[in-house]
Amino acid sequence: MGKERSGEKNSKMVVGVVWNCAAELKLLLSALLILCTVATFLQFIPSRFTISASDLRLCISRISTAAELNATGQEVLVDTQPPEPSPPLVETDQVLPNGAIRRSFNTYGAAAYNFITMGAYRGGLTTFAIVGLASKPLHVYGRPTYQCQWLPQNNSQANITTVGYKILPDWGYGRVYTAVVVNCTFSQPINLDNSGGTLFLQASTSGVGDAKFNLTDTIPTLTETPGSLNISLFTAKPKYDYLYCGSSLYGNLSPQRVREWMAYHVRLFGERSHFVIHDAGGVHEGVLEVLKPWMELGYVTLQDIKDQERFDGYYHNQFVVVNDCLHRYRFMAKWMFFFDVDEYIYVPPKNTIKSVLDSLSEYSQFTIEQMPMSRTLCLTQDAAKRHRKWGFEKLVYRDVKRGIRRDRKYAIQPRNVFATGVHMSQNLAGKTTHKTEGMIKYFHYHGTIAQRREPCRYLINSTEFTYEKTPYVLDATLRDVAGYVKKFELKMIGPRLQNTWQ
């Protein structure tokens, strides 16, 4: 009797538990039914259609992030990721009525950008220059076109459009990308009322790359806010007499060589000079330390251009870099110089940089003769103290081999130049002269800027010497001014760089 009562009691307990959990059991059974249905359905789907675990996780994560509950239990909508674009329509091969098989070609991705902007600048009341990179095959094998459009901020004014004239200043040296300067010259002054507006560049491929399409990208390049245009800039006296536009600095550069170069050229060009340095990875902590004093005095502007390494152009895109510098500082300098940080401009005694350039003022451009110097040969007498001497002070042997065409560097009056290069400009208004021998030259210590060790490898006790079939002569021109440069540096920035490393 006791056992029957006990069994009856247990039976009621089970029924009570089941009854209380009826909602949960219904949910569980419904889920099992759905899973069984899906499993049955999957049996009839072709084998190439699969659902991976990652796909399920992605689906679940999207559902879980689509809505969240706040602290009060209310549902809060959350922004979800944008839907993935649908795959492109895939064309298949077809058999034509004549029996031939028409093959299909399906396109994916893009090999290079149509246009990459670095900067856009005014050239006057009616003109602008847009500096950037573009796909080199696009320009080598096709005829892409450019159109410039000014959209006034004042909606009551009409848009103005003109044809963009492209200049390719890199002499064919580009790689995947080539430097492009687009000149936009309008038929009337732009933003003369200073109400603001935006310059757009419409870059069209003209069917290059895919003759089926003429792709056009509309690119905003320059925006002038109301009241920002300073018209007097185009006619005012330049802020600087001399401005240096440096090429891309890259690699493991020697802080000591950069220190020497800076002190030498600030002394040469004087207080109305400025130096624009472009860091493509070469201005590491040690180099920055020697630039800082001159930056603090207002002589140096350092621009970080390492992002251009994304785009495969010639020598760290130096052509687009120097053209950007040209147009960015076009109205800020009377003369603009282009040379490297292992090269030293020299003006003979009894002359100054001002007197030389005043005598060349009728020219828009002049080139400068090179004096190639050895980077390893030094005097025997400097053996004991060579580590204390500066590079241009101890590297005193000049290469005098004949029959070799030496690269020249150059200077320009930037207001007369539309685009520029590394060794000279071919796009300018006015005259160019190469007859500057005896007036100005530059000493080239090739490769020394990237040496992080003592440069003197061979000590010579002779005024003439032949090394590796190359004749050298003793040339102490810059050695004789080293003492003055050191005193100048000490006067200008004090002893803070005395312990600079190679």
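Arg 175 is partly exposed, with a relative accessible area of 48%; here buried means under 20% relative accessible area, exposed over 50%, and partly exposed in between, using a 1.4 Å probe and protein chains only. The model is a predicted one, so local features need pLDDT of at least 70 and side-chain atom pairs count only at pLDDT 80 or more, while totals for chains, interfaces and linings use all residues. Residues are numbered from 1 along each chain as its sequence is written, and side-chain values use heavy atoms, with hydrogens and water left out.

Arg 175 has a charged partner: its side chain meets that of Asp 312 in a salt bridge at 2.7 Å, N to O. A salt bridge here is a side-chain nitrogen of Lys or Arg within 4 Å of a carboxyl oxygen of Asp or Glu. The two residues come from distant parts of the chain, 137 residues apart, with Asp 312 in the loop between strand 14 and helix 7 and Arg 175 in the loop between strand 8 (160–167) and strand 9. Helices (H or I, at least four residues) and strands (E, at least two) are DSSP runs, numbered from the N terminus. Asp 312 is partly exposed too, at a relative accessible area of 32%.

By this rule there are 21 salt bridges. Another one joins Lys 409 to Asp 340, with the closest N and O atoms 3.1 Å apart. Lys 409 sits in strand 20 (residues 409–412) and Asp 340 in the loop between strand 15 (333–338) and strand 16 (343–346), so this pair ties together parts that are 69 residues apart in sequence. Lys 409 counts as buried, at 2% relative accessibility, whereas Asp 340 counts as partly exposed at 26%.

Then there is Arg 479, which forms a salt bridge with Asp 382, the closest N and O atoms being 2.8 Å apart. Arg 479 lies in the loop between strand 27 (470–474) and helix 10, and Asp 382 in the loop between strand 18 (377–379) and helix 9 (391–394), so parts 97 residues apart in sequence are tied together. Arg 479 is buried, with a relative accessible area of 18%, and Asp 382 counts as buried at 1%.

On to the aromatic rings. A pair of aromatic rings is described by the distance of the centres and the angle of the planes. Rings of Phe, Tyr and Trp (its six-membered ring) pair if their centres lie within 6.5 Å; planes under 30 degrees apart count as stacked, over 60 as edge-to-face and the rest as tilted. The count by this rule comes to 31 aromatic pairs. Tyr 113 and Phe 311 make an edge-to-face pair, 6.2 Å centre to centre with 80° between the planes. They are 198 residues apart, Tyr 113 being in the loop between strand 4 (101–102) and strand 5, and Phe 311 in the loop between strand 14 (300–304) and helix 7 (318–328). Tyr 113 counts as partly exposed at 49% relative accessibility, while Phe 311 is buried with a relative accessible area of 10%.

Trp 294 and Phe 488 are stacked instead, at 6.4 Å centre to centre and 10° between the planes. This pair links helix 6 (residues 285–296), which holds Trp 294, to helix 10 (residues 482–493), which holds Phe 488, across 194 residues.

Strand 6 runs antiparallel to strand 5 (residues 116–122), joined by six bridges, and antiparallel to strand 9 (residues 177–185), joined by nine; two strands pair if DSSP finds at least two bridges between them.
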